[in-house]
Amino acid sequence: MHQPHEPTPAPRADPQAAPRIASQAAPPAASRSAGGARILVVDDDPTVAEVVSGYLDRAGYGVDRAGDGPEALARAAAHWPDLVVLDLMLPGMDGLEVCRRLRERGPVPVIMLTARGDEDDRVMGLEVGADDYVTKPFSPRELVLRVESVLRRTRPAVAARPLSAAGLTVDPAARRASKQGTELALTLREFDLLSFLLRHPGRAFAREDLMREVWGWDFGDLSTVTVHVRRLRGKVEDDPARPRLIQTVWGVGYRFDPTGDDAHLTGNTLGPPAGDTPAPAPASDATGQEETDHA
């Protein structure tokens, strides 16, 4: 089982040769799950772009490459990708701005490449709508698995029925969500998170549970869940600063309450979900206490 946020250490023999890629072993055999999907790889490092493109090509994906933000936007406009692998640190226009502009043009899954220690940038990437991130140095094999995982979740769930609660409606087959009849602009993970919560009203889930059920990971940085919960609240709550639908269960995690009744919060009232640590700018939850969203 791959650990999404524990990338393979970089080779020590020649740190100058490929400082941002952990492994350059032979690419894996073509994946049966590629399905002709087209991936746009955006990185100003030719070595990184070449190796990543090679692995994705061998996995059965069509690959476009861009070395900077404007070129990435132009290539996306000419041939809209099924997924973008986007370096955060780009010359001129950084990856955050590229992600914002892509989102303005239409929905597309984004996996960001970030430096190991740039926690603030990683959170910013999630805030602007990145669906996943991989820290450098990274294993190209791991990146291919991440791509497969994200694309797998974009495929329509033909047998799934629409879900409705508290004025929210989710159609898994069409991958559309609305609030009081107005369509919501949700990212891939936000949609999956909302769908999962609507399927399990009234039940409290730890962040570890949500990461496993929504992201499909047994291991990972739990702040990813925290950031996505905060973003989702901003889109479904009448007052995101005092959430009534997606509630914090102190010491446990989060619960979807379709009644919007915050009078019966359970769990440890002395602190946030297990594992959270103080953040510079916490947001108030439905109880009036501060919820610590962090990275």
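Predicted model: local features only at pLDDT ≥ 70, side-chain atom pairs only at ≥ 80, totals over all residues.
Leucine 168 has lysine 179 of S8 as its bridge partner. Helix H6 (residues 188-199) packs on the sheet and touches S6, S7 and S8. The direction of H6 makes about 110 degrees with that of S7.

The S7-S8 pair belongs to an open sheet of four strands. Its order is S6-S7-S8-S9, and the pairing is antiparallel. Strand S6 (163-165) and strand S9 (182-183) stand at the edges. Each has a single partner strand, so one side of each is left without a neighbour in the sheet.

A further open sheet is built from five strands in the order S2-S1-S3-S4-S5. Here the pairing is parallel. The edge positions are taken by strand S2 (62-66) and strand S5 (132-136). Because each of these edge strands has a single partner strand, one side of each lacks a neighbour in the sheet.

Within the parallel sheet, strand S1 (residues 38-42) is joined to strand S3 (residues 83-87) by four bridges. Valine 41 has valine 85 in S3 as its bridge partner. Helix H5 (residues 140-154) packs on this sheet. H5 touches S1, S3, strand S4 (110-115) and S5. The direction of H5 makes about 175 degrees with that of S5.

Methods: Residues numbered from 1 in each chain as written. Heavy atoms only, no water. Pairing = 2+ DSSP bridges. Helix = DSSP H or I, 4+ residues; strand = E, 2+ residues; numbered from the N terminus. Contact = heavy atoms within 4.5 Å. Axes fitted to C-alpha atoms, helices over the stretch in contact; angles between N-to-C directions.
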